[in-house]
Amino acid sequence: MDKIEYQLDRIATALESIAIGLNSSNYVVNCDVEKSQEKSETSDKNFITHSPMTPEEELFIRTTNIYLDETQRKYDEGLQRKSAVKVSQNLIPMQISFLKKYLPDFTIAEDSSAVLVLSKNETPKALIRIYTDLGFHRADHWRRDMLQITKIASSLSIPKENIILLVISNLNGLDSSHVNSTLGFKISNKDILDKSNQSILKDYCKRYINSFTDIFPTPENQIYFLTSALHPNVVAEEIFINKGSVTDLKNYPWMSTPLSEIINRVKSL
């Protein structure tokens, strides 16, 4: 089973790389794309948010809208399933646009495999990788991706402590045996994602994050999970099926350090 999962992981990574290559070799975000995304971030009837939006809210909505567009395309073209390739093609320029808004002094470009390089005055300063979930990187499988990211950092002379990994949702990214062994007791993936068990999920994420001290100097300050079961793809499905669906992000109990603090830390580099 581990060999099968490993092969699936390699296939998924390859597809992601192909998708990124097809979309653009440099991912320069044009004005039309930025205007479209700015429109979607300023107001959305399907979400209750702060005014102005917090970075968490904005990133979640922008990501959800990409999945919503793909849901609409699947319906319009009579497809059996959404295209992971299409989603990947659209996620990277959106993430670049999002980061550029909050980090105007940085130039941001994709290096490879969805790893974003943040440079100031033409000097690479940090790497950021944003995952919707860990569906292809569960448990110890995430290490392979992390090690590849540290290689990119080394090639660009970026200190390991300036690598930031951000995972939007825990849904679809939990490995039950890993969760149970990490916590020391049994709990189902469904139960740990229940709102009543968020403290248990936070404890698992903390232990999980701290297991990567052999890769990152201070993983607790470099790896973040935003939500428990709230997932952009699931919310997109709900919106598509029920146009009047409303998700309250304003009062959502985000799991991590506020993104504004992370952004301010990057600004200081």
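# Reading helix packing and local geometry in a predicted model

Modeller: Start with a packed pair: helix 3 and helix 10 pack at an angle of about 100°, with their axes 8 Å apart. That makes helix 3 roughly perpendicular to helix 10. This is a predicted model, where local features need pLDDT of at least 70, side-chain atom pairs count only at pLDDT 80 or more, and totals for chains, interfaces and linings use all residues. Residues are numbered from 1 along each chain as its sequence is written, and side-chain values use heavy atoms, with hydrogens and water left out.

Colleague: How do I read those packing terms?

Modeller: Two packed helices are described by the angle between their axes and the distance between the axes. Axes are lines fitted to C-alpha atoms, for helices over the stretch in contact, and angles run from 0 to 180 degrees between N-to-C directions. Angles under 35 degrees count as roughly parallel, over 145 as roughly antiparallel, 65 to 115 as roughly perpendicular and the rest as oblique. Helices (H or I, at least four residues) and strands (E, at least two) are DSSP runs, numbered from the N terminus.

Colleague: Which residues of helix 3 and helix 10 meet?

Modeller: Contact means heavy atoms within 4.5 Å. Pro-55, Glu-56 and Leu-59 of helix 3 meet Leu-259, Ser-260 and Ile-263 of helix 10. By class, this contact has four nonpolar, one polar and one charged residues. Ala, Val, Leu, Ile, Met, Phe, Trp, Tyr, Cys and Pro count as nonpolar, Asp, Glu, Lys and Arg as charged, and the others, Gly among them, as polar.

Colleague: At what angle do helix 3 and helix 4 cross?

Modeller: Roughly 155°, and the axes of helix 3 and helix 4 (residues 84–102) come within 10 Å. That makes helix 3 roughly antiparallel to helix 4. The crossing is right-handed. A crossing is left-handed if the near helix is turned anticlockwise from the far one by less than a right angle, and right-handed if clockwise. Helix 3 contributes residues including Leu-59, Arg-62, Ile-66 and Glu-70, while those from helix 4 include Leu-91, Met-94, Phe-98 and Lys-101. The classes in this contact are nine nonpolar, three polar and six charged.

Colleague: And where helix 3 meets helix 9, what is the crossing angle?

Modeller: Helix 3 (residues 55–76) and helix 9 (residues 232–241) cross at roughly 55°, their axes coming within 8 Å. The two are therefore oblique to each other. Helix 3 passes helix 9 in a right-handed crossing. Among the contact residues are Phe-60, Thr-64 and Leu-68 of helix 3, with Val-235, Ile-239 and Phe-240 of helix 9. This contact divides into nine nonpolar, five polar and two charged residues.

Colleague: Now burial. How much of the chain is buried?

Modeller: Buried means under 20% relative accessible area, exposed over 50%, partly exposed in between (1.4 Å probe, protein chains only). Here buried residues make up 49% of the 269 residues in the chain. The chain has 10 helices and seven strands. Take helix 6 (residues 176–183): its buried residues are His-178, Val-179, Asn-180, Thr-182 and Leu-183. Their cover includes helix 7 and helix 8.

Colleague: Last, polar contacts. What does the side chain of Asp-194 join?

Modeller: A polar contact is a pair of N or O atoms within 3.5 Å; within protein, one must be able to donate a hydrogen and the other to accept it, and residues adjacent in sequence count only if both atoms are side-chain atoms. The side chains of Asp-194 and Ser-196 are joined by one at 2.6 Å. Asp-194 is in the loop between helix 7 (189–192) and helix 8 (198–210). Asp-194 is partly exposed, at 38% relative accessible area.
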